Structures are given as structure tokens and as C-alpha cells.
Amino acid sequence: MPTKSKHKKRQVARHPQPAPPIPSHNRRLVWFGGLVVAIIVAAAVFFFKQKEEKPLVLPPFSAESAFALLQKQCDFGPRVPGTSAHDSCRAFLAAELRKYADNVVAQSFTHSAPGLPNEVKLTNIIASFNVNAKRRVLLGAHWDSRPWADQDSDSLQHKTPVLGANDGASGVAILLEIARVIKSSPPPVGVDIFLFDGEDLGTPGESRTYALGSQHYARNKASNYNPLFGIVLDMVGDKDLQIYQEGNSVRFAGGVVERVWKLAARLGIREFIASPRHEVFDDHVAFIEAGIPTIDLIDFDYPHWHTTQDTPDKCSPASLEKVGKVVLAALYDHEGL
Ligand SMILES: [Zn+2]
């Protein structure tokens with residue numbers, strides 16, 4: 001509601017009084033004053049621009065360590081729920097996170113997926129850093145791999161499990177490396193790393209049958225857990241990396257998208273392309289629905305998606321490093337928080 005004085009001001013402005021003429025001996029003084037003001041304004045603009053564009057100083061992210069963690073997950077074989085590879089990898093991931101985090105929790109539940117012979121146990125692994133910090137950021141990736149290569153050009157392979165070097169292992173590898181970085185150089189916010197299970201057990205065309213781990217977590221989430229924002233990583237290791245802005249992220253967490261792509265630009269990482277492409281039901285959606293602005297970093301143009309060709313040779317340490325640095329920037333850039 002406008003105040004009385006504001007209303008009055010507007011009336012005055014609409015009927016301005018003519019300004020008294022400036023005596024000629026004062027004109028030079030006015031001109032000089034104007035010049036001084038212009039110089040001050042230009043200097044201020046220059047100063048703020050410099051401030052905005054100063055390089056980001058981040059703790060080092062090791063591309064080689066991250067890639068070794070991708071390879072290690074693939075060495076277990078496809079991490080398909082209900083298999084021994086899935087069990088062994090879960091133990092490995094929990095042990096890795098316990099090296100660095102202040103608290104690691106395993107959240108298990110059971111699920112029956114059409115196409116799987118038995119009910120399976122699914123486990124989200126949640127690692128928290130700086131547990132007492134009120135200002136928190138959520139990072140997530142899925143650690144399971146798909147039981148069926150149903151996008152393979154060879155239809156005989158449609159029942160073969162996917163190794164998931166990019167679809168699963170890439171995001172987890174980056175988050176494990178980030179866990180190490182956070183431990184040695186704590187950021188100014190608390191961080192929770194979520195490794196979700198059961199992302200890839202879905203039936204094509206039925207969104208809710210995917211992203212089971214994040215949906216389960218969000219359904220049971222404590223009401224006082226409200227991080228500032230979230231970033232989910234999925235298919236972020238492709239050698240030929242191109243990360244466009246994902247549709248649900250743009251629509252429901254546009255401020256986070258804008259900030260993250262600006263940070264990528266400041267880091268000179270051109271693989272983050274500032275235009276929208278693809279709309280994906282991924283682990284970020286459950287958090288958006290829970291009121292936490294969460295984005296999905298995903299290269300959905302990966303040609304080996306859900307095929308037997310999703311193997312480590314299609315991924316690169318450089319791509320993991322680029323995404324890792326952008327995520328670190330989102331944690332360490334004080335001014336944006
Ligand atoms: Zn997938």
C-alpha cells in the first residue's frame with residue numbers, strides 16, 4: 001500500500017516547477033561538477049565489475065582420483081539391486097564416506113520392481129559434514145545401475161545389465177572426491193551428500209517408478225531439514241560433455257540454475273551451456289516437491305545411455321573435474337550464499 005508521502009511526491013513530480021536559470025559564471029563550475037560525478041560513477045562501475053569478475057579460489061579437485069573412483073565402482077560390475085556387486089559397492093561407498101564425513105547414515109527399504117525376480121533391498125547412503133551448521137547444501141547422485149540395457153541397438157542385449165560408468169558412477173565419483181576436499185578445506189556451509197539407490201529401476205513412460213531412493217527420503221524427511229538448495233549429478237562424466245539446463249530445474253529452481261551457470265562461466269567452463277534442453281524426472285524432483293530448490297546437472301545427449309556401451313572409456317577425468325569444480329564453486333563462493 002503506498003504511503004501518503006509517496007503519493008504526494010508523485011503529484012509534485014507530475015507538475016514540476018521550472019528550474020531557475022543558472023548564472024553564466026557558474027556554468028563552468030556545473031560542467032566541471034558533472035564531469036567529477038561521471039568519473040566517480042565510472043570508477044564505481046569498474047570497481048564492482050572487477051569485484052564480480054575476480055577469479056574464484058577453490059581447493060584443488062583431483063581429476064585422477066575422481067576417475068579412479070569411477071573405475072573402482074565399475075570394477076564391482078553392474079550395481080544392480082539384489083546382486084553381490086550391489087552389496088559390495090554399498091559397503092565400499094559407506095567406508096569411503098566414513099573416511100571424511102562427520103556422520104554417515106544408511107537408510108534402507110525394500111522394493112518390488114516389475115522385471116526383477118525378487119523384492120530387493122535399496123539403501124540410500126547419506127554423509128553429513130559440519131552437522132551443526134544451519135545453512136546447508138544438499139548434493140546427490142545415484143549409485144545403482146540399470147538392470148536392463150533397453151536402449152541398446154542390439155535387442156538381444158535388452159535384458160543385460162548396464163555397467164553405468166556415466167549413468168551412476170560418474171556423479172558418485174565426483175561426490176566422493178568432493179567429500180575428500182570438504183574434509184581438508186571445510187566450506188562456509190554444512191553439506192549433506194546423498195548417494196541414492198533405485199534411481200534406475202523404472203519402467204519407461206512411468207516417471208514415479210524411477211528415482212525411488214530420493215522419493216523415499218523425501219517422504220520420510222524430517223520437517224526441520226531444509227537446505228538452502230540442492231544439486232544432483234547424473235551422467236556428468238561423458239568425454240564429450242555438454243550440460244544444458246534441465247527443464248524442471250529451470251522451472252522450479254531457476255535461481256540456482258542461474259547462479260551455477262554463472263559460476264561455470266567465471267571458471268571458464270564452456271561445457272555448461274546456458275540454455276534449456278530436455279526435461280528429466282531425476283532425483284532432484286522429490287526435493288523440489290519437498291520445497292527445496294534442487295537442480296539436476298545432466299548431459300542427456302550421451303549416446304550410450306542405457307546401453308551395454310556405458311563403460312569407463314566413454315568418460316574422462318577432465319569432464320569429472322569440470323563438473324566437480326563448478327559444484328565446489330557453489331559451496332565455497334560466499335557471496336552467492
Ligand atoms: Zn539411467
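This is a predicted model: local features need pLDDT of at least 70, side-chain atom pairs count only at pLDDT 80 or more; totals for chains, interfaces and linings use all residues.
**Overall make-up**
- The chain has 10 helices and 8 strands, taken as DSSP runs numbered from the N terminus (helices are H or I, at least four residues; strands are E, at least two).
- Of its 337 residues, 42% are buried, meaning 20 or more other C-beta atoms, placed from the backbone, lie within 10 Å of the residue's own.

**The sheet**
- An open, mixed sheet is built from 6 strands in the order β1-β2-β4-β3-β5-β8; strands pair if DSSP finds at least two bridges between them.
- β1 (103-111) and β8 (294-298) sit at the edges with a single partner strand each, so one side of each lacks a neighbour in the sheet.
- β1 and β2 (residues 120-129) run antiparallel, joined by 9 bridges.

**The core**
- The largest nonpolar core holds 85 residues, a set of buried Ala, Val, Leu, Ile, Met, Phe, Trp, Tyr and Cys joined through C-beta atoms within 7 Å.
- Helix α5 (residues 165-184) gives the most to this core, with 11 residues.
- Leu139 is among the residues with the most contacts inside the core.
- Beyond neighbours within four places in sequence, Leu139 is in contact (C-beta atoms, placed from the backbone, within 7 Å) with residues including Leu175, Phe194 and Val327.

Conventions. Residues are numbered from 1 along each chain as its sequence is written. A residue is buried if 20 or more other C-beta atoms lie within 10 Å of its own, exposed if 12 or fewer, and partly exposed in between; C-beta atoms are placed from the backbone. Two residues are in contact if their C-beta atoms, placed from the backbone, lie within 7 Å.
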